[in-house]
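Let's take a walk through this model together, strand by strand and then charge by charge. Have the viewer open and follow along.

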Amino acid sequence: MEHVDVAVVGGGPAGSAAAHAAAEAGASARVFEKGVPRDDRAGLGPDSTDAAGILDYWVDIMGIHPDEFPDDVLLSELDRASFVGPTESCVLHSTGIDSSYDGFGYTFHRARFDDWLRKRAEDAGADYRVGVSVKDVETDLGDDPRHTVRLADGESVTADFVILADGPQRTVTNRVLDRYLPYPVTDRLGTTTANHIAYQEHRKLPPAVAEDLRGAITFWWGYIPGHTAYPWIFPNDDGVARVGLTMPIGLDLGDIAKPASYALIRPDDESVPGGSEYLRRLLEHEYGDEYDVPGDFPLVEDRGKSGGTETYPISSTRPIDSPVEAGIAVAGGAMGTTSAFHEGGDHVAVRTGAIAGELAGTGDLSPYNAAWKDAIEDEILRNVTMADMVADYGPDDWDRVFRTARKMLAEEAGYRLFDRKFAAGWNAIKLLVGYRWRKRRLRGGGYLNIPDDDYVY
C-alpha cells in the first residue's frame, strides 16, 4: 500500500493550495480529484464553477497577486461595485481596506486559475491525481500512519495527515466528520441548509451594455425572494459577461411574505422560477425596452461547464473548526468559508488550504483552528454579520439601506464605513448599531457551525 505524508481530498483552490504548501514544507503530498468535464477546459479537472471575482484586499487574504498568473487567467479589471435595489442604488468605488493591489479588483477565468494552481502544486513536488474518486477516509488514532484513504477503484493510500477540500457538497467531509461528533453532521452541514444554489450563464452583451458595465460588478438586491438571494452581472473579456444568481435551496414561494413585491416574480408564479427563467426576466427588466431579450444577449456556448451555463452549490456563511487531534483539517468550501453573501470565496479557500497544507507538511496540525481564524476571522465576521442583518429583508428594506448607504458613502468610502463614525441620520445610526451589536455577539467563535469543542475522539 502506498503512503504519503499528506493526502488531500479535492483539487480545487483549497486542495491545490494545501498540496502546494505541504510540498513546499518538504512533505510528500497527493491530491485526489474526481474530475468533471467542462466545455472551457481540455480534459478533466475540479468543478471550477464560481462567479470568480476578487476584490483588492482579497488579494492579500489569498496571498497570490494576479501578476503571478499566466496571461489568460485575468479577464477584466474592476473599478467599482454597483448595488441595485428596486428603486434605490449605490456604487462602491473603494473597499476602504488597505491592500497591496492598486485597483478595485478583477475578474478571472476560474478553470484556468484552477489549472494554474494545479501546476504550481506539481512544480513544488506535489502529486495531483485527476479522475480518482475518494470513497472514504478511515482513521485509527492508535495506528501509524493514522489514515487510510479508500478510493472508488478499490485501491487505498495511507497518510499521516488528511486535508478535506471537497467543496460545499462535502461528499467525503460529512462522512468523515460524522465519526467525531455527538450529533449527526447533517444537523449542521445539511446540503439544503448550509448551502445555496447558484446558476450562471455566459452571455455576449450588446456593445453599449458591455461599455456601460465595463469595470463594474453589479448586484440586484430585493429582486428575488430568499435569504441572500440576488442576481448579478460580472464582466469578463471581449464583451462577454457572467449573468447569474444565488438563492437558497428548496425555497417555497408560499413561505415568502408579499412575493408580488419582488420585481422578478410574476403574479401567476406557483413556485420559485428556475435560474434560467430568473435571468431572462432580469435582462428583460433591465434592457427589454431597448433590446430583444434574450436574442441580443446570446449564450457563449464554448464557455462555462456546458453550453455556456453552469449550476453549482455555494456555501452559506458559517464555517467550521476541524478535528485536528485526529490529524484532519477541513479547508475552503467544505469548511464553509466561502460565502453566499458576497458570492465568492476563492481567496479564503486558497488561504485556508495553504495554512492547512503548511501545518500538515511540518508535522503538526494542532494550531490550524487558531491559525485560520487569525488569517480570515475579520472577513468571516463581516460576512456572517451582514448576512444575519439582512436575513428578513424585503424589497422596501433594500431600498432603505441603499438610500442610507449613499449618505454614508458621502462621508466614508468602502466596507469600513460600519467601523467608523459618520453623520447620516437616524437610519444610519440604526444600521450601524445593529451591525456592531451582531458582530460583537459573534466574536469568540460565535459564528461557527461546528466549534472545536464539539469533536469527540
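A salt bridge here is a side-chain nitrogen of Lys or Arg within 4 Å of a carboxyl oxygen of Asp or Glu. Keep in mind that the model is a predicted one.

Another one joins the side chains of Arg 38 and Glu 310 at 3.0 Å, N to O. Here 272 residues separate the partners, with Arg 38 in the loop between strand S2 (29-33) and S3, and Glu 310 in strand S16 (residues 309-315). Arg 38 and Glu 310 are both buried.

Arg 112 and Asp 72 form a salt bridge too, their closest N and O atoms being 4.0 Å apart. Arg 112 counts as partly exposed because its relative accessibility is 33%, and Asp 72 gets that label because its value is 41%.

Now turn to strand S7 (residues 105-108), where Gly 105 and Thr 107 point one way, Tyr 106 and Phe 108 the other, and all are buried. S7 runs antiparallel to strand S3 (residues 53-55), joined by 3 bridges, and pairs with strand S4 (residues 74-78) in the antiparallel sense over 4 bridges. Look at Gly 105: Leu 55 stands opposite this residue, and Leu 78 has Gly 105 as its bridge partner.

Methods
Residues numbered from 1 in each chain as written. Predicted model: local features only at pLDDT ≥ 70, side-chain atom pairs only at ≥ 80, totals over all residues. Heavy atoms only, no water. Buried < 20%, exposed > 50% of the residue type's maximum accessible area, 1.4 Å probe, protein only. Helix = DSSP H or I, 4+ residues; strand = E, 2+ residues; numbered from the N terminus. Pairing = 2+ DSSP bridges.
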